[in-house]
Amino acid sequence: MQLVIGNKNYSSWSMRPWILLRQAGIPFDEVQLKFGEGTKVIGIDKYSAAGKVPVLIIDGEPVWDSLAICETVAEMHPEKHLWPQDDKARRVARSVCAEMHSGFQQMRGKMPMNIRTQYPGKGMTPESKRDIDRVVAIWTECRERFGGAGSFLFGKFSVPDAFFSPVVMRFRAYAVKLPPVAKAYCEAVQALSAVREWMEAAKRETEFVAEDEPYAKG
Ligand SMILES: N[C@@H](CCC(=O)N[C@@H](CS)C(=O)NCC(=O)O)C(=O)O
């Protein structure tokens with residue numbers, strides 16, 4: 001299995017399946033492509049007609065889009081329980097992943113993921129604040145209803161934690177002030193070995209992608 005990803009510093013969509021696979025201990029070969037002019041992914045045509053990362057290649061066949069990839073990985077590894085086992089919890093888990101997948105455009109646009117740089121306070125508009133408040137409400141509800149004794153949204157690490165890991169990176173980069181439950185959740189995500197590994201690799205990258213750097217000087 002090969003996972004095709006983009007720049008670790010910037011590619012929030014790539015981060016989700018990479019974190020899921022790595023944290024679950026599922027072996028894969030990483031193929032890293034880099035963003036070129038206008039964030040086009042250089043060399044992606046060889047892997048997917050959709051032209052975007054991430055892509056998971058299984059037996060030569062591409063699975064594209066982070067949600068499809070995470071669903072596929074969970075289906076291939078039922079023993080890993082990558083979705084919560086309880087029916088009600090699993091329905092909510094799927095819903096919050098879908099909401100994350102299709103929404104939060106203002107937060108995404110005003111606060112692009114940038115792991116190696118800190119821009120405290122940047123990107124905070126009334127619209128991005130509304131998105132942030134909704135993320136915090138999701139996290140609070142999941143932790144209260146399904147967190148139990150674990151540190152993650154549904155207790156133990158599952159697909160939704162992989163889905164929200166890029167948001168944790170955004171809150172860190174833009175120093176978003178959070179209530180205690182959300183702050184503790186961000187700390188738990190950042191302590192995951194897979195997240196630490198991704199962050200360390202992102203910090204070593206040197207490519208500068210202007211489209212993803214609205215707050216860089218000069
Ligand atoms: N919905 C897709 C979005 C993927 C996406 O937009 N990826 C960006 C990089 S983070 C990309 O490949 N952009 C290149 C382009 O648009 O040409 C997913 O979940 O995988």
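Residues are numbered from 1 along each chain as its sequence is written, and side-chain values use heavy atoms, with hydrogens and water left out. Because the model is predicted, local features need pLDDT of at least 70 and side-chain atom pairs count only at pLDDT 80 or more, whereas totals for chains, interfaces and linings use all residues.

Polar contacts are pairs of N or O atoms within 3.5 Å. A polar side-chain atom of Ser66 lies 2.6 Å from an oxygen atom of the ligand, and a polar backbone atom of Val53 is 2.8 Å from a ligand nitrogen atom. For Asp65, a polar side-chain atom lies 2.9 Å from a nitrogen atom of the ligand. The protein buries 80% of the 520 Å² that the ligand exposes when taken alone (Shrake-Rupley method, 1.4 Å probe).

Salt bridges, defined by a side-chain nitrogen of Lys or Arg within 4 Å of a carboxyl oxygen of Asp or Glu, number 11. One of them joins the side chains of Arg22 and Glu197 (2.8 Å, N to O). Arg22 lies in helix α1 (residues 12-24) and Glu197 in helix α8 (residues 193-204), so the pair ties together parts that are 175 residues apart in sequence; helices are DSSP runs (H or I) of at least four residues, numbered from the N terminus.

Technical notes
A polar contact is a pair of N or O atoms within 3.5 Å; within protein, one must be able to donate a hydrogen and the other to accept it, and residues adjacent in sequence count only if both atoms are side-chain atoms. Helices (H or I, at least four residues) and strands (E, at least two) are DSSP runs, numbered from the N terminus.
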